Amino acid sequence: MDLLEGSDIQFRRDPRSDVALALNHHIAIIFLSAADVASSVGKGAVDLGITGQDQLGEYEATQTSTDGTDV
């Protein structure tokens with residue numbers, strides 16, 4: 001959450017929901033467990049993920065991105 005404080009993304013999150021809609025941009029913010037971030041990005045379920053380096057190292061992407069490089 002500290003990372004988003006310095007951004008221009010304004011949102012309110014209901015504590016019972018994993019989804020928050022930005023108030024000033026056309027985006028949705030989805031709060032996932034750290035383990036689910038890398039796999040969700042790799043599968044194309046989300047466009048951008050923020051997680052720790054340790055989680056990325058544990059995740060082995062098996063899909064290929066649209067430009068032909070490994071994800």
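**Around the ring of F31**

R13 lies over the face of F31, at 3.9 Å from the ring centre, a charge being counted as over a ring if NZ of Lys or CZ of Arg is within 6 Å of the ring centre and within 35 degrees of the ring normal. This is a predicted model, in which local features need pLDDT of at least 70 and side-chain atom pairs count only at pLDDT 80 or more, while totals for chains, interfaces and linings use all residues. Residues are numbered from 1 along each chain as its sequence is written, and side-chain values use heavy atoms, with hydrogens and water left out.

The ring of F31 also takes part in the 1 aromatic pair of the model, where rings of Phe, Tyr and Trp (its six-membered ring) pair if their centres lie within 6.5 Å, and planes under 30 degrees apart count as stacked, over 60 as edge-to-face and the rest as tilted. The centres of F11 and F31 are 6.1 Å apart and their planes stand at 45 degrees, so the pair is tilted. F11 belongs to the loop between α1 (2–5) and β1 (19–21) and F31 to the loop between β2 (28–30) and α2, so the pair ties together parts that are 20 residues apart in sequence; helices (H or I, at least four residues) and strands (E, at least two) are DSSP runs, numbered from the N terminus.

R13 also forms a salt bridge with D18, the closest N and O atoms being 3.8 Å apart, under the rule that a side-chain nitrogen of Lys or Arg lies within 4 Å of a carboxyl oxygen of Asp or Glu. The structure holds 2 such bridges, and D14 forms one with R16 at 3.7 Å between the closest N and O atoms.
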